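Here's a quick briefing to read with the model open. Grab a viewer and follow along.

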Amino acid sequence: MPSSIPRSAARSASVAAVVSAALAAGLLAGSTSASADTAADAVRIHDIQGTTRVSPLVGKQVTGVTGIVTGVRTYGSRGFWIQDPMADDNEATSEGIFVFTSSVPTVAVGDAVSLNGTVTEYVPGGLNSGNQSLTQISKPVVTVLSKGNPVPAPVTIWAGSVPDAYAPEGDAAAGGSINGLALEPDTYALDYYESLEGTNVRIGSSRVVGASDPYSELWVTVKPFENGNRRGGAVYGSYDAQNTGRLQIQQLAPIAQQPFPKANVGDWLAGPTAGPLDFNQFGGYTLVANTLGKLVDLGLEREVTQRQHKNELAVATYNVENLDPSDPQEKFDALAKAVVENLASPDIVALEEIQDDNGAKNDGTVTAGETLKKFTAAIVAAGGPAYEWRSVDPENNKDGGEPGGNIRQVFLFNPERVSFVDRAGGDATAATAVTGSKGDAHLTLSPGRIDPANTAWENSRKPLAGEFLFRGRTVLVVANHFGSKGGDESLVSHHQPPVRSSEAKRLLQAQAVNGFVKDVLALDKQADVLVLGDINDFEFSGTTKALTDGGALFPAVKSLPRSERYSYVYQGNSQVLDQILTSPGVHHFAYDSVHINAEFADQNSDHDPQVLRFRP
């Protein structure tokens, strides 16, 4: 078990001696005649950081701020971190701080410095992001007093030091903000990390819970038993299960000098990882490492689902991440191989994010035949069936996504196994409806869109409904790609709980789809209806509750153990975004979230496909 180093005991005695000597000489105060009283009254880093998230000195000029340089960043947000080796006895006040230089810093790790500057609170992502702020010193004038000093010993972050409770409840009088609340680092994880902002910290050997990404960052957990699963991730199973042990890892060394490790979920960073604790827009508290642990590859493998029996219908959903003909053939081939080998060639595949025939070129093109020809040909080349497809072209730039790309949902189906029932008339603005007689429900348009004029679908993908026949039985399938989470505040927002503004739109979308399913069930309560796709929301969300209202649908992912419920990994949290929901007539089914992308550094998509097998 790692030992936790209290901040008051984590400072190097030799560094303290250096700074004390400088104080006695008047050097750190910028005056050769500074007295001991003047030195005692000088502003220290912990005075700047204060006991809340916002500095009590924000906006003020400070002079003679002293410390030892613990890290230097020469790219991105350029600057360096300093730390006072003589800590106070208040665990809520950080002894480290970032100094923003804008240009490449001229100091080095181990320099003892004195500086003047302005205390600022920088909000990564801007004020409207809801993010907490980073206390920093801007426009610095820096004097190097000595070089080669020992760096203050890092504070060890480990399972026993991070509280289980995530954050305090926001102050209602301050709009739900926690900015003005006194930090309680022994009670709340966010307060604990905030009390270490800018401090030199370390973690021991830690499991990777978020794979390396194109921006040279990954996520680990310092709590190996917190909501874990058999593949090594940390499952986000409720709004109150934020996984307090998650920590983002970056490195200070430029990638050209030191390649960043390519890690998958379940791998380990073995040995110490140490450096200043930063706060950024894309993950919040981040250990920017001077020392990076050694990657231990545990060989995570991509899953393969079970093939359907001849009397089972296999239906899948797969977000193929903005697929268009200009993508390299390698992407088409990899996605096709996954459909054939990992998904075992489902009978029906609902695709999301199929772009038009020239991708993001914004020239009015809305057809996607070339995209689909290329993809289905790649599936055949991989040994799969000759899928046919059905879809409805959207109006130009009316369905959101990448401008000009005109993403849409598409049904692929294997005509050797299942038939598509075509009913003409479906277009971007025509609404399909339910028709038929008691015990025999059908669609008026197939393929057709559900309630496309509803404002819930403004600048969003309209649901695509299709009618299929399998062994003489009608199966209705609704492919969805609900509104994204764009605009939601992050888990590290200064509002607690964070504002999830995007939920309002998905709630309306879910209500529209639920109403459509209820229309089907009103005619045939035993109808086989599958609602599937990128729902962009969790199985415990209000969106899912609205989809299932009145018992119209059941989220099939809930048939899995809680630790297996995920299709996406975001900031180290394994979570559900993609779903298949079943009507009451689908009595017995097998469900699989097929983990082939989200946990891996090399991804063909950022989503894991879902497969459901049942006997209509």
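This is a predicted model: local features need pLDDT of at least 70, side-chain atom pairs count only at pLDDT 80 or more; totals for chains, interfaces and linings use all residues.

Numbering runs from 1 along each chain as its sequence is written, and side-chain values use heavy atoms, leaving out hydrogens and water.

**Asp 578**

- Look for Asp 578 in strand β29, residues 578-582 (strands are DSSP E runs of at least two residues, helices are H or I runs of at least four, both numbered from the N terminus).
- Asp 578 is buried but has no salt bridge, and Arg 461, the nearest side chain of opposite charge, sits 11 Å away.
- For those terms, buried means under 20% relative accessible area, exposed over 50% and partly exposed in between, with a 1.4 Å probe and protein chains only; a salt bridge puts a side-chain nitrogen of Lys or Arg within 4 Å of a carboxyl oxygen of Asp or Glu.
- On charges, Lys and Arg count as positive, Asp and Glu as negative, while His and the chain ends are not counted.

**Nonpolar cores**

- A nonpolar core is a set of buried Ala, Val, Leu, Ile, Met, Phe, Trp, Tyr and Cys residues joined through side-chain atoms within 4.5 Å.
- The largest one has 31 residues, and Ile 157, Tyr 193, Ile 203, Val 220 and Leu 247 have the most contacts inside it.
- Elements that each supply at least two residues of this core include α4 (189-194), β7 (200-203) and β12 (273-280).
- Apart from that core lies another, of 26 residues, with Phe 411 and Leu 532 among them.

**Helix α5**

- Why does the length of α5 (residues 329-342) agree with expectation? Its 14 residues should span 20 Å at 1.5 Å a residue, and the end C-alpha atoms are 19 Å apart (the expected span is 1.5 Å times one less than the number of residues).
- The buried residues of α5 pack against β15 (313-323) and α6 (369-381), contact meaning heavy atoms within 4.5 Å.
- After α5 comes Ala 344, with a positive phi near 60°.

**Val 586**

- Val 586 sits in the loop between β29 and β30 (589-593), and counts as buried because its relative accessibility is 5%.
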